[in-house]
Amino acid sequence: MSSLPGHEVLRYTAFSADPAGGNPAGVVLDASTLDDAAMLAVAAELGYSESAFLTAPDGRGGHTIRYFSPKAEVPFCGHATVAAAIALAERDGPGDLVFSTAAGTVPVTVTREGDELRATLTSVEPHTTDVAADDLAEALAALDWPAADLDPALPPRIAYAGARHLVLAAGSRERLADLSYDFARLEALMHRLDLTTLQLVWRESATVFHVRDPFPVGGVVEDPATGAAAAAFGAYARELGLVPDETVLTLHQGTDMGRPGTLTVALHAGDARIRVSGTGTRIG
């Protein structure tokens with residue numbers, strides 16, 4: 001789908017410079033005359049994990065942005081934010097943008113590095129909360145993951161940086177790679193806990209992680225590259241003292257789906273907000 005009457009629907013991938021990598025998103029740069037049903041219909045027809053719809057440009061880099069999965073609106077989506085920012089930069093040139101989202105204000109800076117554009121978003125204020133033992137047990141049952149397969153050094157938490165994600169750490173790369181879950185069971189739990197994805201992680205080194213994000217509430221089995229979850233994970237890692245207050249993390253995602261992407265997560269001392277950056281490119 002490339003257009004609907006009076007509106008061009010662009011397709012971009014985020015967190016990869018390869019159109020076959022990263023996470024695809026639909027982008028409508030002027031959705032001011034579209035109602036909720038029309039935006040949901042576009043997102044459903046595209047079938048990507050999310051699509052971004054921009055309205056109310058203010059002429060100074062500010063836009064209202066909404067995000068729809070094939071099933072429902074979501075409050076914040078990192079990869080669709082990156083995709084939209086890069087689409088605007090291709091049209092208007094690199095620079096600073098401000099997106100007004102349902103979760104709050106998200107500044108984005110787009111720079112050009114050689115032939116590539118890179119977008120860096122700044123999250124809303126993040127936080128983490130404990131997960132109840134019964135809810136953790138239900139998540140593990142839906143995943144068919146024995147509790148013994150978790151990494152005890154990275155305890156389960158619900159992390160937020162615009163959307164809620166349950167962080168679960170696998171004890172091995174093999175555990176992370178073996179993902180076959182009960183879609184309906186996990187979806188029901190996620191609706192009850194108001195989760196957007198599960199952020200499944202495996203720690204390769206002090207600053208390098210491999211991640212996967214089941215997304216049944218969005219109508220897709222797995223999200224290929226998840227900027228909102230990356231921001232939430234950055235807050236989680238800092239709050240639990242797993243990384244220094246000033247550090248840069250590298251998250252590899254999508255490899256097990258055949259759509260590899262790289263997310264860069266920057267933490268700055270004295271600023272609770274998380275920066276997530278990556279490249280992106282137009283598809284087709």
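Me: How many bridges pair β9 with strand β10 (residues 116–122)?
Reply: Welcome! This is a predicted model, in which local features need pLDDT of at least 70, side-chain atom pairs count only at pLDDT 80 or more, and totals for chains, interfaces and linings use all residues. Residues are numbered from 1 along each chain as its sequence is written, and side-chain values use heavy atoms, with hydrogens and water left out. Strands (E, at least two residues) and helices (H or I, at least four) are DSSP runs numbered from the N terminus, and two strands pair if DSSP finds at least two bridges between them; for antiparallel β9 and β10, the number of bridges is 6.

Me: Which residue in the turn between β9 and β10 has a positive phi?
Reply: β9 and β10 form a hairpin with 2 residues between them. Arg112 stands opposite Leu117 of β10. In the turn, a positive phi of about 65 degrees belongs to Gly114.

Me: In β9, which residue is the bridge partner of Phe99?
Reply: Strand β8 (residues 95–101) pairs with strand β9 (residues 104–113) over 7 bridges, in the antiparallel sense. The two strands make a hairpin with 2 residues between them. Across from Phe99, the partner in β9 is Val106.

Me: How many of the residues of strand β15 (residues 208–215) are buried?
Reply: Here buried means under 20% relative accessible area, exposed over 50%, and partly exposed in between, with a 1.4 Å probe and protein chains only. Val208, His210, Arg212 and Pro214 point one way from β15, while Phe209, Val211, Asp213 and Phe215 point the other way, and all are buried. The count for β15 is therefore 8 of 8 under that cut-off.

Me: Which strand pairs with β15 in the parallel sense?
Reply: Strand β14 (residues 197–203) is joined to β15 by 4 bridges and runs antiparallel to it, with Arg203 opposite Phe209. Strand β16 (residues 220–223) also pairs in the antiparallel sense, over 3 bridges. The parallel pairing has 4 bridges and sets Val208 opposite Thr250; the partner is strand β17.

Me: Which residue takes a positive phi in the hairpin of β15 and β16?
Reply: In this hairpin, 4 residues lie between the strands. Phe215 has Val220 as its bridge partner in β16. The positive phi, near 90 degrees, is that of Gly219.

Me: Is helix α2 mostly covered or uncovered?
Reply: α2 (residues 78–92) has 15 residues and reaches 21 Å from its first C-alpha to its last, close to the 21 Å expected, a span that is 1.5 Å times one less than the number of residues. The buried residues include Gly78, Val82, Ile86 and Leu88. With 12 of its 15 residues buried, α2 is mostly covered.

Me: Which residue just after α2 takes a positive phi?
Reply: The place to look is just after the helix. The phi there is about 100 degrees, and the residue is Gly93.

Me: How much space lies in the largest pocket?
Reply: On a 1 Å grid over the protein atoms alone, a pocket is an open set of points where a 1.4 Å probe fits, with protein on both sides within 12 Å along at least five of seven lines; lining residues have an atom within 4 Å of a point. Grid points are joined across faces, edges and corners, and the volume is the space filled by probe spheres set on the points. For the largest pocket that space is about 240 Å³.

Me: Which residues that line the largest pocket are the closest to its centre?
Reply: The lining has 16 residues. The closest to the centre are Val74, Pro75, Asp194, Leu195 and Thr196.
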